[in-house]
Amino acid sequence: MSDLPSPGTPPGAPPSRLARRLLLVHAHPDDESINNGATMARYAAEGAHVTLVTCTLGEEGEVIPPGLAHLAPDRDGTLGPYRAGELTGAMKELGVTDHRFLGGQGRYRDSGMMGTEQNARPGAFWAADVDEAASHLVAVIREVRPQVLVTYDPDGGYGHPDHIQAHRVAMRAVDLAADPGFAAETGAPWRIAKVYWNRVPRSVAVAGFARLREELAEPGRLPFTRAAAVTDVPGVVDDEVVTTAIDGTAHAAAKAAAMRAHATQIAVAEPYFALSNDLAQPLFTTEYYELVRGRRPEGGRETDLFEGVDAAQDEGGGAPGKMADEARNGAAL
Ligand SMILES: [Zn+2]
């Protein structure tokens, strides 16, 4: 059977140059669905090439379903590969086909919560050399050539070491990928036009929790009994910091299904969910961002991550020829 021709595009073939390409960099399986599930589903449905890079397997996560408690790191220690399977299921729900682990599956290990002994154990992502970890991401960037990258803010949204490290690695890789002097063997330099950090406007978070508390006051309405706090939500900032809102309402079901696929980590009851602490929080289907590299919107928030990215700029990452030169010279991004 091995002589059958392989159908379609060969694995690893670069996607179409003029297509919109979005790269997301996350710390653990489940972060992508919680933060960006609606965005990923929307762009995938619109035909954009969506690439997810997950930095660890989330081996240190707490397991919610009692029947799966044996996966935990202090028991079987098989949570990592199990969560890789959950992530595969989530990607199916979102319609995303290009998913990779940074440096390959198992290259970096979940570092646990800040201040724990897991932070420094061999292979922990938190203990990784940033440039070494970034070099793996540079290879992905130069292969996929995304116009847009999404990751966390410098605090990782909420201070988890793997989230902080994912931010550092992503931002470093953005610079290194554009540097012609860095690792030429990984491909031609590529400059990412726009970089975003995940955000939630404070007013949106406050309103979501107000609605949640009202519903929690009605006995039996929700499968949760207590609410988290606004301060538990990663990336909450003053509204004026938020530059971009992606309306994923049409993909709300896909986002919820993707979150449900991470059953060891998330309990979902739309439009709410809870992590292993069993504290309910809103499930946002409009997702928010802060543009930190690239042209800032004039007046009002952007409603498209690719706003201002056109075909000419798309050619600006190193392709030879007049068009590429014009793009490089004219690029104000
Ligand atoms: Zn995480």
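Arg20, Arg42, Glu46 and Asp304 are linked in a network of salt bridges. A salt bridge here is a side-chain nitrogen of Lys or Arg within 4 Å of a carboxyl oxygen of Asp or Glu. The whole structure has 19 salt bridges. This is a predicted model: local features need pLDDT of at least 70, side-chain atom pairs count only at pLDDT 80 or more, and totals for chains, interfaces and linings use all residues. Residues are numbered from 1 along each chain as its sequence is written, and side-chain values use heavy atoms, with hydrogens and water left out.

**Salt bridges**

- Arginine 109 and glutamate 60 form a salt bridge through their side chains, at 2.7 Å from N to O.
- Arginine 109 sits in the loop between strand S3 (98-101) and helix H3 (130-144), and glutamate 60 in the loop between strand S2 (49-54) and helix H2 (79-94), so the pair ties together parts that are 49 residues apart in sequence. Helices (H or I, at least four residues) and strands (E, at least two) are DSSP runs, numbered from the N terminus.
- Arginine 109 is partly exposed at 21% relative accessibility, while glutamate 60 is buried at 15%. Buried means under 20% relative accessible area, exposed over 50%, and partly exposed in between (1.4 Å probe, protein chains only).
- Arginine 293 and aspartate 175 also meet in a salt bridge, at 3.0 Å from N to O. The pair links distant parts of the chain, strand S12 for arginine 293 and helix H4 (residues 161-177) for aspartate 175, 118 residues apart.
- Arginine 293 is partly exposed, with a relative accessible area of 30%. Aspartate 175 is partly exposed at 39% relative accessibility.
- The side chains of glutamate 290 and arginine 199 pair at 2.9 Å from N to O, in a salt bridge. Glutamate 290 lies in strand S12 and arginine 199 in strand S5, so this contact ties together parts that are 91 residues apart in sequence.
- Glutamate 290 is buried at 13% relative accessibility; arginine 199 is buried at 12%.

- Aspartate 31 belongs to helix H1 and histidine 163 to helix H4, so the pair ties together parts that are 132 residues apart in sequence.
- Aspartate 31 is buried at 7% relative accessibility, and histidine 163 is buried at 2%.

**Pocket and cavities**

- The largest pocket has a volume of about 950 Å³. On a 1 Å grid over the protein atoms alone, a cavity is a set of points where a 1.4 Å probe fits but cannot get out, and a pocket is an open set with protein on both sides within 12 Å along at least five of seven lines; lining residues have an atom within 4 Å of a point. Grid points are joined across faces, edges and corners, and a volume is the space filled by probe spheres set on the points.
- The lining of the largest pocket has 39 residues, of which Asp30, Asp31, Ile34, Tyr158 and Leu275 lie nearest its centre.
- Elements giving two or more residues to this lining include helix H1 (31-45), strand S5 (194-201) and strand S12 (286-293).
- Two cavities of 30 Å³ or more are present. The second largest cavity holds about 40 Å³ of space.

**Backbone features**

- Glutamate 270 and proline 271 are joined by a cis peptide bond, with omega about 0°. Proline 271 is in the loop between strand S9 (267-269) and strand S10 (272-274).
- Alanine 183 is not a glycine, yet has a positive phi of about 45°. Alanine 183 is buried at 17% relative accessibility.
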